Amino acid sequence: LQTRRQHSRLVMLYRITTGLVEVPANLYTVMPGQSTTRGANSKLLVPQHSTLLYGSTFFPATIPIWNRLPQNVISSPTTEAFKVKLASVPSMM
């Protein structure tokens, strides 16, 4: 059950970052090209939080898992391709 929830959150973040869902991600994340961090340009910065309650919400909880995904999964051309590639990735927990 935990793995299914995690996959669902990652699919939703994929849809948000590719513009398939109208969620203003720039309000909650630093998108690629907006920072000078090292690593792949698809890495997102985790929003800073000072409470455990906010830390367990969608963006702060999902972005660290997203950043551990291989680049070939993140750069999938479609949602269906993302889901197939995500299923082949070992558990991210």
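Residues 24 or more positions apart make up 52% of the chain's contacts (heavy atoms within 4.5 Å) with a separation of 6 or more. The model is predicted: local features need pLDDT of at least 70, side-chain atom pairs count only at pLDDT 80 or more, and totals for chains, interfaces and linings use all residues. Residues are numbered from 1 along each chain as its sequence is written, and side-chain values use heavy atoms, with hydrogens and water left out.

**View 1. The chain has 5 helices and 0 strands.** Along the sequence the pattern reads α-α-α-α-α. Helices (H or I, at least four residues) and strands (E, at least two) are DSSP runs, numbered from the N terminus. Of the 93 residues, 31% count as buried. Buried means under 20% relative accessible area, exposed over 50%, partly exposed in between (1.4 Å probe, protein chains only). The accessible surface of the chain is about 6100 Å² (Shrake-Rupley method, 1.4 Å probe), and carbon and sulfur atoms hold 57% of that surface.

**View 2. Helix H1 (residues 2–17) crosses H5 at roughly 145 degrees.** The two axes come within 10 Å. Axes are lines fitted to C-alpha atoms, for helices over the stretch in contact; angles run from 0 to 180 degrees between N-to-C directions. The crossing of H1 and H5 is right-handed. That is, the near helix is turned clockwise from the far one by less than a right angle.

**View 3. Residues of H1 meet residues of H5.** H1 brings His 7, Leu 10, Val 11, Tyr 14 and Arg 15. H5 brings Thr 79, Phe 82, Lys 83, Leu 86 and Ala 87. By class, this contact has 6 nonpolar, 2 polar and 2 charged residues. Ala, Val, Leu, Ile, Met, Phe, Trp, Tyr, Cys and Pro count as nonpolar, Asp, Glu, Lys and Arg as charged, and the others, Gly among them, as polar.

**View 4. H5 has a buried side, with Thr 79, Phe 82 and Leu 86.** These residues lie on the same side of H5 because they cover an arc of only 55 degrees around the axis. The arc is taken over directions from the helix axis to the C-beta atoms. The buried residues of H5 pack against H1, helix H3 (58–67) and helix H4 (71–74). Exposed Glu 80, Val 84 and Ala 87 sit on the face turned away.

**View 5. Lys 85 belongs to H5 (residues 79–87).** Lys 85 counts as partly exposed, because its relative accessibility is 29%. Beyond neighbours within four places in sequence, Lys 85 contacts Asn 72, Val 73 and Ser 76. The C-alpha atoms of Lys 85 and Pro 70 are 9.6 Å apart, across 15 residues of chain.
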